[in-house]
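Please examine the sequence and the structure shown below. The report that follows is intended to be read beside them.

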Amino acid sequence: MGAHHHHDHHEASGTELTKVAQATLEKSGEQWTTMRASIFDALAKFDKPASAYDIADAVSKAEGRRVAANSVYRILDLFVGANLARRVESSNAYIANAHPDCLHDCIFLVCDSCGQTTHIDDDKIANNVRHAAEAAGFSPVRPVIEVRGKCSYCEHAA
């Protein structure tokens, strides 16, 4: 443990991440069921945000039985509520949260060309957005900021 720990939100480490996710979910009073574990594992394996259908397909293939997207949606909503996953609003897709034990607002950089989504933490920006919302009489629950554009790879490939 420890040696493989880095703070890059794109490459969470497999088993360690699953253990933290399980502990976080159980702390919130929920059960870590076999189905929830399968869905989290499938989600964590994607290198870009995955839709509920992508995840349902991955779990269906892995388990050799049909898993409905509706069940996946319910579990993903639970994961988002417990901070185990983040929802990329504009593409209705999800990514595993590499740090489920930290509470950060989401800032996503979404590439319009390849779909690669990078999550960055910038508490100063996030806090400014929260303060602006509060100043307007709005109570922000879970701000999500999305910046659309081109990733450095696509920018240089053009």
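## Basis of the model

The structure is a predicted model: local features require pLDDT of at least 70 and side-chain atom pairs count only at pLDDT 80 or more, while totals for chains, interfaces and linings use all residues. Residues are numbered from 1 along each chain as its sequence is written, and side-chain values use heavy atoms, with hydrogens and water left out.

## Overall architecture

The chain contains 6 helices and 5 strands. Helices (H or I, at least four residues) and strands (E, at least two) are DSSP runs, numbered from the N terminus. Along the sequence, these elements follow the pattern α-α-α-α-β-β-β-β-α-β-α.

Of the 158 residues in the chain, 37% are buried. Buried means under 20% relative accessible area, exposed over 50%, and partly exposed in between (1.4 Å probe, protein chains only). The chain exposes about 9,200 Å², of which carbon and sulfur atoms supply 53%; accessible areas come from the Shrake-Rupley method with a 1.4 Å probe, and for residues only the protein chains shown count as cover. Among contacts between residues at least 6 apart in sequence, 51% join residues at least 24 apart. A contact means heavy atoms within 4.5 Å.

## Helix H1

Helix H1 comprises 14 residues (residues 14-27), which at 1.5 Å a residue should span 20 Å, and its end C-alpha atoms are 20 Å apart, in agreement. The expected span of a helix is 1.5 Å times one less than its number of residues. The buried residues of H1 are Leu17, Thr18, Ala21, Thr24 and Leu25. They lie on the same side of H1 because they cover an arc of only 130° around the axis, the arc being that of the directions from the helix axis to the C-beta atoms.

These buried residues pack against helix H2 (34-45), helix H4 (69-81) and strand S2 (93-96). The face of H1 turned away from its buried side carries the exposed residues Thr15, Lys19 and Lys27. After H1 comes Gly29, with a positive phi near 90°.

## Helices H2 and H4

H2 has 12 residues and reaches 17 Å from its first C-alpha to its last, close to the expected 16 Å. Its buried residues are Arg36, Ala37, Ser38, Ile39, Phe40, Ala42 and Leu43, and the buried residues of H2 pack against H1, H3, H4, S1 and S2.

H4 has 13 residues and reaches 18 Å between its first and last C-alpha atoms, close to the 18 Å expected. Buried in H4 are Ala69, Val72, Ile75, Leu76, Leu78, Phe79 and Val80. The buried residues of H4 pack against H1, H2, helix H3 (52-63), strand S1 (85-88) and S2. Leu78 touches Leu25, Glu30 and Arg36, not counting residues up to four places away in sequence. The C-alpha atoms of Leu78 and Arg36 are separated by 9.5 Å, although these residues are 42 residues apart along the chain.

## Loop residues with positive phi

Asn83 lies in the loop between H4 and S1. Its phi is positive, about 75°, although Asn83 is not a glycine. With a relative accessible area of 5%, Asn83 is buried.

Asn92, in the loop between S1 and S2, has a positive phi of about 45° and is likewise not a glycine. Asn92 is partly exposed, with a relative accessible area of 29%.

## Salt bridges and surface patch

Side chains of opposite charge can pair when their charged atoms come close. A salt bridge is a side-chain nitrogen of Lys or Arg within 4 Å of a carboxyl oxygen of Asp or Glu, and by this rule the count comes to 5 salt bridges. One of them joins Arg148 and Asp112 (2.8 Å, N to O). This pair links distant parts of the chain, with Arg148 in strand S5 (residues 144-149) and Asp112 in the loop between S3 and strand S4 (117-120), 36 residues apart. Another joins Arg66 and Asp57, whose closest N and O atoms are 3.8 Å apart; Arg66 is exposed at 61% relative accessibility, and Asp57 is partly exposed at 35%.

Leu109, Ile120 and Val147 make a nonpolar surface patch of about 200 Å². Patches are made of residues with over 30% relative accessible area and no salt bridge: like charges are joined within 9 Å, and nonpolar side chains (Val, Leu, Ile, Met, Phe, Trp, Tyr) within 5 Å. Leu109 is located in strand S3 (residues 106-111) and is partly exposed, with a relative accessible area of 33%.
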